[in-house]
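User: Could you walk me through a few of the labels on this model and say what each one rests on?

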Amino acid sequence: MEIDKWTKFIFWATAILAPLQGMMVTMVFLIIVDFITGVYAACKNGIPIRTYRIMQTVSKFFIYNLVILAAYFLEIHILDEIPFLKIIAGFIAIAEIKSILENFNKIYGVNPFRALTNLLRNSFLKDTLETLSEDTTKKKKKEKGKKKT
């Protein structure tokens, strides 16, 4: 009888969380990749692996998934006009990818953002990038001119 109650509860919880399955799996994957690259970077640079750093990864796993779950319920039951779930999951994913790329930089000594920017500057997109950078520098100069007056 006790097993039957747990089976019903697990089925109920799985049914409610089914729409979030892909997003939660993606977050878990990003956390695991960040952990693996962080451990590899620490080993390569001779930094000792500490228990509190591992616990940060475990807490990230629970906190990120709870925040995603909260955003899902907020969006479904309270305010469905704003895509809170996608916004919050996007910020979490960007933070994890940034951390993974920082670990990549520590391992190989290559900054992927800078490498991509240099690659784009030397490709057929060179004119587009120069136009974009000119537009932003013109806006900054106009803003500085307005502040002085």
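**Labels and what backs them**

Analyst: Trp6 and Phe9 sit 3 residues apart in helix 1 (residues 2-17), so about one helical turn separates them. Helices here are DSSP runs of H or I with at least four residues, numbered from the N terminus. Before we go on: this is a predicted model, where local features need pLDDT of at least 70, side-chain atom pairs count only at pLDDT 80 or more, and totals for chains, interfaces and linings use all residues. Residues are numbered from 1 along each chain as its sequence is written, and side-chain values use heavy atoms, with hydrogens and water left out.

User: What makes Trp6 and Phe9 an aromatic pair, and which kind is it?

Analyst: Rings of Phe, Tyr and Trp (its six-membered ring) pair if their centres lie within 6.5 Å; planes under 30 degrees apart are stacked, over 60 edge-to-face, and the rest tilted. Trp6 and Phe9 come out at 6.1 Å centre to centre with 90° between the planes, so they pair, edge-to-face. The whole structure has 5 aromatic pairs, and ring pairs also link Trp6, Phe9 and Trp12 into a cluster.

User: Why is Asn65 called buried?

Analyst: Buried means under 20% relative accessible area, exposed means over 50%, and partly exposed is in between (1.4 Å probe, protein chains only). Asn65 has 11%, so it counts as buried. Asn65 is in helix 3 (residues 51-77). Skipping neighbours within four places in sequence, Asn65 is in contact (heavy atoms within 4.5 Å) with Met24, Met27, Val28 and Lys60.

User: And how do you know that Phe9, Asn45 and Val58 are partly exposed?

Analyst: Phe9 has 45% relative accessibility, Asn45 has 42% and Val58 has 36%, so each falls in the in-between class. Asn45 is in the loop between helix 2 (21-44) and helix 3. Asn45 and Ile107 are 62 residues apart in sequence, yet 7.7 Å apart in space, C-alpha to C-alpha.

Conventions. Helices (H or I, at least four residues) and strands (E, at least two) are DSSP runs, numbered from the N terminus.
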